Amino acid sequence: MNAYADRVKPIINEIEILSRRPAYRIVLKEQENTDIFESKLGGVPYWDMKKSYPCDSKGKKLSLLCQINFDRAALSDARLPQTGMLQFFILDDDFDYGLDFKNPDTQDTFRVVYHEHIDQSVTGDAVLALGAPTMPSEYSPVLKECALSFEEYGDTIGMTSFDFDSVFQQAVKNVTGEETNESIYDYFTDDEYKEIGRSLMADGHKMLGYPFFTQGDPRECNGEYEDYYDTLLLQLDSVYCKDRQLMIWGDSGIANFFINSRALKELDFSRVLYNWDCY
């Protein structure tokens, strides 16, 4: 073992062991004209005709960012709905993408909607007749419609999550027998820290698991947010490279939606924290 491996690798391994939790990786497949019942990004949403279509407080209709059909996806994790459709809408009339940065859990210019039952008689034409806008659009993070599939895996904490230091400090104690109050940045040299940063990422598209941020965790230093928003409901990353341009948040950023674990179990999506940031 070299010096780096001797000092760093055992702690990285211990962090992964301590933090590993089941999650679902979301796989994007570019697909034109997705149907309204698919799990997908953008396009024409499903909608229950008995409900009012989601609008902001000024009456502007929201666009479908993402929807997940649990009837079709059949995700076995008991923390998630087992049936129905979960949808994420945003106002896409500017490059804020529907986020109120001062009130990120106020569902006005974004909305999370759950349909317990899916009415198979609804048509795309009927939804469009409601005036539903569709992504892609001029101010949309979605550049191309995509169908979604899901892969179960064990996710591990990334360095940008507000609770990372407590996991890191426990890992140091387990590996070395010593207690530390230092952050990971102070504990290791700059070169070691850079190497660790490449190992402990939590980016990508996912449900559950751990979040990633380019700027900082919006829950940090807000006691109410830290205590309440304990579950990553959805994360969508930028996919913007030469040969694959599907989604981009600002300057190649990432978006997250958080919920309380008890509220999720009760299928109550009235309080959700929405955030996106970029480099």
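## Basis of the model

This is a predicted model, in which local features need pLDDT of at least 70 and side-chain atom pairs count only at pLDDT 80 or more, while totals for chains, interfaces and linings use all residues. Residues are numbered from 1 along each chain as its sequence is written, and side-chain values use heavy atoms, with hydrogens and water left out.

## Overall fold and dimensions

The chain has nine helices and twelve strands; helices (H or I, at least four residues) and strands (E, at least two) are DSSP runs numbered from the N terminus. Along the principal axes, the C-alpha atoms fill a box of roughly 65 × 40 × 35 Å.

Among contacts with a separation of 6 or more, 74% are between residues 24 or more positions apart, contact meaning heavy atoms within 4.5 Å.

## Burial and nonpolar cores

Of the 279 residues, 51% count as buried, that is, under 20% relative accessible area, with exposed meaning over 50% and partly exposed in between (1.4 Å probe, protein chains only). The largest nonpolar core has 44 residues, and Leu65 and Phe88 have the most contacts inside it. A second, separate core of 20 residues includes Ile157, Phe168, Tyr187 and Ala202. Such a core is a set of buried Ala, Val, Leu, Ile, Met, Phe, Trp, Tyr and Cys residues joined through side-chain atoms within 4.5 Å.

## Two loop residues

Thr156 lies in the loop between β6 (146-155) and α5 (164-176), and it counts as buried because its relative accessibility is 13%. Beyond residues up to four places away in sequence, Thr156 touches Glu16, Ser19, Arg20, Met201, Ala202 and Tyr210.

Asp230 is placed in the loop between α8 (223-228) and β8 (231-237), and at 34% relative accessibility it counts as partly exposed. Apart from neighbours within four places in sequence, Asp230 is in contact with Arg219, Ile259, Asn260 and Ser261. Asp230 and Ile184 are separated by 46 residues in sequence and by 22 Å in space, C-alpha to C-alpha.
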